Amino acid sequence: MINYAKYDFYQNTYKGSLSVDLFNSLIPKASQEIDKVVNRELQEEDIDNKVKFVACELVDYLSKSESTNGGVASISIDGVSKAFKSDTEIKQGIRNITNGLPHELTRFL
């Protein structure tokens, strides 16, 4: 499996704030979430900035996980907080992020 973003991209282009260790621990899971919604196996040459940005968004989203249940407790965007109460809401949040993938990668699903 390919990790769809590297820490250098996350920190310098995406402008993320997680530590390298936390990023590296979450990028495989974020990449796996992307794999679930694309219509083919991605190769290195398929990975453009849109895919990298989606991977970084997922890493940030997953970093809010509660260690006790593995679910996202809440997220905060531009000062607005949203608390999650169910697995359905968590899955919807991931789905909303993966909707940012290039259309040609997901249109056949």
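Which side chain meets that of Lys-36 in a salt bridge? The partner of Lys-36 is Glu-33, and the N to O distance between the two side chains is 3.4 Å. The model described here is predicted, and the points below take up its salt bridges, of which the structure holds two, and then its aromatic pairs, for which the count comes to six.

**Salt bridges**

- Side chains of opposite charge can pair when their charged atoms come close.
- Lys-36 and Glu-33 both belong to helix α2, where they are three residues apart, a spacing of about one turn of the helix.
- Arg-40 counts as partly exposed, at a relative accessibility of 41%, which falls between the limits of 20% and 50%.

**Aromatic pairs**

- A pair of aromatic rings is described by the distance of the centres and the angle of the planes.
- The structure has six aromatic pairs, and in the pair of Phe-9 and Phe-53 the ring centres are 5.3 Å apart with the planes at 80°, so this pair is edge-to-face, the class for angles over 60 degrees.
- Phe-9 counts as buried, at 10% relative accessibility, while Phe-53 is partly exposed, with a relative accessible area of 32%.
- Phe-53 also pairs with Tyr-14, where the ring centres are 5.7 Å apart and the planes stand at 55°, so the pair is tilted.
- Because Tyr-14 lies in the loop between α1 and α2 (20-37) and Phe-53 lies in helix α3, their pair ties together parts that are 39 residues apart in sequence.

**The ring cluster**

- Ring pairs link Tyr-7, Phe-9, Tyr-10, Tyr-14, Phe-23 and Phe-53 into a cluster.

Conventions:
Residues are numbered from 1 along each chain as its sequence is written. This is a predicted model: local features need pLDDT of at least 70, side-chain atom pairs count only at pLDDT 80 or more; totals for chains, interfaces and linings use all residues. Side-chain values use heavy atoms; hydrogens and water are left out. Rings of Phe, Tyr and Trp (its six-membered ring) pair if their centres lie within 6.5 Å; planes under 30 degrees apart count as stacked, over 60 as edge-to-face and the rest as tilted. Buried means under 20% relative accessible area, exposed over 50%, partly exposed in between (1.4 Å probe, protein chains only). Helices (H or I, at least four residues) and strands (E, at least two) are DSSP runs, numbered from the N terminus. A salt bridge is a side-chain nitrogen of Lys or Arg within 4 Å of a carboxyl oxygen of Asp or Glu.
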